[in-house]
Each structure stands twice: as structure tokens, then as C-alpha cells.
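Please look over the sequence and the coordinates before reading on. The paragraphs below go through a few local features of the backbone and then turn to the ligand.

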Amino acid sequence: MNKTEKPILKILSGETPERNPIWLMRQAGRYLPEYRDLRAKAKNFLNMCLTPEWATEITLQPIRRFDFDAAILFADILLVPMALGAGLEFREGEGPVLEKVSGEAFLDRLRYDDQKVQPVYETISRVKKELPEKTTLIGFCGAPWTVGCYMIDGNSKNDFVISKAWVKEKPDLLAKLISILIEASAEYLSHQIEAGAECLQIFESWGGLLQGDDFAKWVIAPTRELINRVKKKHPAIRIIGFPREATQNDYLKYAAESGVDAVSIDFNLPLSFAKEKLQPVKPLQGNLNPDLLVKGGNDMLRATEEILTTFGKKHIFNLGHGVVPQTPPEHVAELVKFVQNFRA
Ligand code: CP3
């Protein structure tokens, strides 16, 4: 398939495809038995991300099972802090733990070493060779604020209280960290494109911690700067932004001002608002509640139909956050089939 005919890329360029494309955030992961098998062999999650043979296999697992329109690179948003030299560990049953930013001297010691994420680029080129022709390959990174939150607080257990305090008490230090992350992420994303990523998603998972002026300063402006840098090198690349749990006003400003080509919406955003106010600004992606994918059946299909009917064809079907581990794979198969057969 010609690149310009892939439905996701069409939507990201402002065109209307024949039907709604679908992929799911966290479509690779613990809900798949073949992922759990490999995970048990690999033992360490970071090893899995940084071993191209494994990361390629995991990226392709959901593509072999389901007729998704896109594959998302198997990696993690915390690889950028790792490449900057901040200690990173994924502890069993506990999630990620990062070495906390202790102060200015710590920031001065950070150096982005692109060699450390070379395996990610290798994974992209391997996946690209094996993907079905019609499947779009999505690269990604975390947005500076969200990645910064993990670096400042060290983990996500305390609702990022230290990061929120920095907004008020240490804005200069925060600005320094954010600018380090913008520079590193721009290089990381550019290299993903050069390795074969066809579009990108920027995950702002903790965007909802900030509102109004703070959101504009620490979410929108750094995202715009990151996108400007990437697009300066790669003007044709299309980028989806996911400012999870932002307020309605902030979603609107993000859509208009951050430079993204499409906005991924979380499952709490009301469909009426999304359709009437947000969709006229940018194409949307989302926003089925992941719990409905766990539940399956009519509840899942009715909600899916409502989303499809609301947004029409110029819309990338997805969840409002990632697939959770307890999701039955059969429900994913049913959802994909339903979306792909849907005609308004
Ligand atoms: O399939 C995909 O979506 C691609 C791979 C991917 C992963 N993480 C793999 C992963 C992507 C796009 C991410 C992004 C990511 N990582 C985000 C943004 C999206 C979001 O969920 O809001 C965030 C905040 C992270 C940081 C992170 N990584 C956390 C908080 C955790 C622990 C929570 C958990 O689900 O275990 C991870 C680990 C992680 N990243 C797993 C996977 C498949 C689970 C690891 C395991 O097998 O134990």
C-alpha cells in the first residue's frame, strides 16, 4: 500500500479514509500469553526493550493476532532518562523507579547518550521489514513534563507531589530539566523517524496534574518546542499528542497550540464536548474505556458504536488509556472486527 493510502496517515494529514483505522495503546503487553512467556524468559523488562530481537517480536505479537492498522514500537517512555544517565529500574510488581533529580548539580551531570537507545532504532528497522504492507509503524516518546515528573519524584506512588511543588517553588530548576528533556527527546524522535517510524505519538500521561497557565507553560510550550525541532528536520512527519486528563479548556488549547496533528483523548472526556469543540480543531483518536474492553460483549460494542457514530470516519479508533493486563484477548479480536466492519 502506498504510504499516502494508509488510513491513519490519511487522517493525520487531514483527509478522510474509507473506514476507521484502529490500534490500541499498550496493544503489546501482559494481557497476551505470548508476551508473558517471553517476559518470563527475558526476566528484566528493560532488557526486553533493549534487545532488538525481543522487542521486535513483542511489537509484532499483537499484529499477528489481530488486524490492527498500526504497530507501536515496543519500548518505554523512561528510556530517555536512562539515556541521559539517570538510574532506572523496573521492579517486579512495583513499576518503574528512577534516580531522583536532587538539584542543579545532578542536572549538570546529565548527558544524553544516544548510543544507549541504539537498540530501539534497530528494533524499528527490523519491525519495518516484517510488518504487513498496510500496517503503519508508530514511534513514540513521553512528553517532557511527564518524563520530568518521573525523574523528579522517582516513581508514581505519591501522585507526583514533588513535581507539582517544583512548579511553584523551583520553576528555574524545572525549566532546566524540561529543556534537557526537549533536546534529548527531539534527537530520539528524529532517529526513530530515520530508522523507519511513519508517525509518532507523544504521551503526556500526567498532563492532568496541571491546569490553565501552568498547563500552558509546562505542557503546551515544551511540546510545541519538541515538535518544532522534530519537524524542522522531518517536515512531513505527523504527530499525535495524548494530554491525558487535561481539563476541557486545556484540551482545546493543546489542540490549537501544541503543534500536534491529532489529539488522543482520555475516556473521561465527554463525547459531546470532543465532537462539538475539539474535533473541529484537530482529528481525534480514542477513547473507549479500557474497562469496557475487559468486560466485552454488548456494553463494549454499544460504547464502540457510539464513539464511531459520534466522530465519523475521520477518527482513529483507540482506547482512552492503555489495555490492562486482565483484558481477554478474545475481546480485542471482537473489537477490532467490529470497528473494521463498521459503516456509518
Ligand atoms: O504496546 C505499547 O503501547 C508499546 C509499548 C509501551 C510501553 N510503555 C510498554 C510497557 C508504551 C507506549 C509505553 C508508554 C509508557 N510507559 C507510558 C505512557 C502511557 C501510559 O501508560 O500512560 C508511561 C507512563 C510509561 C512508564 C511505565 N512503564 C510505567 C508506569 C510502567 C509500569 C506500569 C505497568 O503497566 O506495569 C511501565 C512498564 C511497562 N511499559 C510495561 C509495558 C508492556 C509492563 C511491563 C511488564 O511486563 O511488567
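Does aspartate 159 count as buried or exposed? The model is a predicted one, and in it aspartate 159 has a relative accessibility of 52%. Exposed means over 50%, so aspartate 159 counts as exposed. The residue is found in the loop between helix H8 (144–153) and helix H9 (161–169). Its backbone is also worth a look: phi of aspartate 159 is near 50°, a positive value in a residue other than glycine.

Glutamate 245 also has a positive phi, of about 65°, although it is not a glycine. This residue is in the loop between strand S6 (238–243) and helix H12 (248–257). Glutamate 245 counts as partly exposed because its relative accessibility is 39%.

Another backbone feature is the cis peptide bond that joins glycine 286 and asparagine 287, with omega at about -15°. Asparagine 287 belongs to strand S8, which covers residues 284–288.

Next comes glutamine 201, in strand S5 (residues 199–204). Its relative accessibility is 0%, so glutamine 201 counts as buried. The side chain of glutamine 201 is joined to that of glutamine 285 by a polar contact of 3.0 Å.

Glutamate 104 lies in helix H6, residues 104–109. With a relative accessibility of 45%, glutamate 104 counts as partly exposed. Between glutamate 104 and lysine 231 there is a separation of 127 residues in sequence and of 30 Å in space, C-alpha to C-alpha.

The ligand remains. The space that it takes is the largest pocket. Which residues are closest to the ligand? Of the 21 residues that surround the ligand, the closest are Arg26, Arg30, Tyr35, Arg39 and Ser205. By class, the shell divides into 14 nonpolar, 3 polar and 4 charged residues.

In the side chain of arginine 39, an N or O atom is 2.6 Å from a ligand oxygen atom. For glutamine 27 the atom concerned is a backbone N or O atom, 3.3 Å from an oxygen atom of the ligand. Serine 205 places a polar side-chain atom 2.5 Å from an oxygen atom of the ligand. Taken alone, the ligand exposes 870 Å², and the protein buries 87% of that area.

Conventions:
Residues are numbered from 1 along each chain as its sequence is written. This is a predicted model: local features need pLDDT of at least 70, side-chain atom pairs count only at pLDDT 80 or more; totals for chains, interfaces and linings use all residues. Side-chain values use heavy atoms; hydrogens and water are left out. A residue is near a molecule or strand if one of its heavy atoms lies within 4 Å of it. A polar contact is a pair of N or O atoms within 3.5 Å; within protein, one must be able to donate a hydrogen and the other to accept it, and residues adjacent in sequence count only if both atoms are side-chain atoms. Accessible areas come from the Shrake-Rupley method with a 1.4 Å probe; for residues, only the protein chains shown count as cover. On a 1 Å grid over the protein atoms alone, a cavity is a set of points where a 1.4 Å probe fits but cannot get out, and a pocket is an open set with protein on both sides within 12 Å along at least five of seven lines; lining residues have an atom within 4 Å of a point. A molecule sits in a cavity or pocket if more than half of its atoms lie within 2 Å of its grid points. Ala, Val, Leu, Ile, Met, Phe, Trp, Tyr, Cys and Pro count as nonpolar, Asp, Glu, Lys and Arg as charged, and the others, Gly among them, as polar. Helices (H or I, at least four residues) and strands (E, at least two) are DSSP runs, numbered from the N terminus. Buried means under 20% relative accessible area, exposed over 50%, partly exposed in between (1.4 Å probe, protein chains only).
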